[in-house]
Amino acid sequence: MRVYPGDTPLFGDVDGDGRAEPCLRRGRRFLCDTDHEGGPFEWQAQFGSGVGKEIPLLGDVDGDGRAEPCLRSGRQLRCDTGHNGGKAEWTVTFGNPGDQPLLGDVDADRRDDPCVYRSGQFLCDTAHNGGAAEWTVSFGASGDQPVLGDFDGDGQDDPCVFRGGKLLCDTAHNGGHPAAELLFGQPGDQAFLANLDGL
């Protein structure tokens, strides 16, 4: 799987087999390597305009077991739950324009929740109604790269940050000291949490 300048790398289980696929967004297309062999992209969807400040995300917002191509523009998150590249079937407005958007199942209901990271705080709209955040955790510091993923395998995504080659996760969801730490990568790397082996 070749990545070119301008591509945005992503991970998500787009085919519903329980394993997250390495994917990227290139222009208007989401491209995924579903056989995990690094060859041609077996799955693709065209979604969005490919111009402006569209931030691509992958997440299962409707709970069907497959990650949807999603885009955040300003405060609005739009997702193609039909996987057909047409108009967004699912939208929610949440957070502020400068927030860092995330998707993760923080309440363990098998639907990824729209979340944002703002000044060391994770805020998530678990009701999916665009109102105030129902789930918040203060974790991390300025300059950290936030990620959401089920680090401890309990079915609930954990707030984590990547800082200088170290992944720190708050598996207790209480905003205290990191309950899990993993030395991995190098400063400047982009961190992802994804279930690649289906376990």
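Trainee: I'm looking at the link of cysteine 70 and cysteine 79; what is the angle about its S-S bond, and is the link right-handed or left-handed?

Mentor: The angle is 110°, and the link of cysteine 70 and cysteine 79 is right-handed. Before we go on, keep in mind that this is a predicted model, where local features need pLDDT of at least 70, side-chain atom pairs count only at pLDDT 80 or more, and totals for chains, interfaces and linings use all residues. Residues are numbered from 1 along each chain as its sequence is written, and side-chain values use heavy atoms, with hydrogens and water left out.

Trainee: What counts as a disulfide here, and how many does the structure hold?

Mentor: The general idea is a pair of cysteine sulfur atoms within 2.5 Å. By that rule the structure has four disulfides. In cysteine 70 and cysteine 79, the sulfur atoms sit 2.1 Å apart. Cysteine 23 and cysteine 32 are also bonded, with 2.1 Å between their sulfur atoms. Another bond runs from cysteine 160 to cysteine 169, S to S 2.1 Å.

Trainee: What hand do those other two links have?

Mentor: For cysteine 23 and cysteine 32, the angle about the S-S bond is 115°, a right-handed link. For cysteine 160 and cysteine 169 the torsion is about 110°, so that disulfide is right-handed.

Trainee: What is the pairing if I number the bonded cysteines in sequence order?

Mentor: You get 1-2, 3-4, 5-6, 7-8.

Trainee: Are these cysteines buried or exposed?

Mentor: First the cut-offs: buried is under 20% relative accessible area, exposed is over 50%, and partly exposed is in between, using a 1.4 Å probe and protein chains only. Cysteine 70 has 0% relative accessibility, so it counts as buried. Cysteine 79 is buried because its relative accessible area is 0%. Cysteine 160, at 0%, is therefore buried, and cysteine 169 is buried with 0% too. Cysteine 23 and cysteine 32 are both buried.

Trainee: And how much of the whole protein is buried?

Mentor: Buried residues account for 43% of the 199 residues.

Trainee: Which residues is serine 73 in contact with?

Mentor: Contact means heavy atoms within 4.5 Å. Leaving aside neighbours within four places in sequence, serine 73 touches Lys53, Glu54 and Arg78. Lysine 53 is 20 residues from serine 73 in sequence, yet the C-alpha to C-alpha distance is 6.0 Å. Across the protein, of contacts between residues at least 6 apart in sequence, 35% join residues at least 24 apart.

Trainee: Why does the radius of gyration agree with a compact globule?

Mentor: The radius is taken over C-alpha atoms, and the globule rule is 2.2 Å times the number of residues to the power 0.38. With 199 residues, a compact globule would come out near 16 Å, and the protein has 16 Å, so the two agree. Along the principal axes, the C-alpha atoms fill a box of roughly 40 × 35 × 30 Å.
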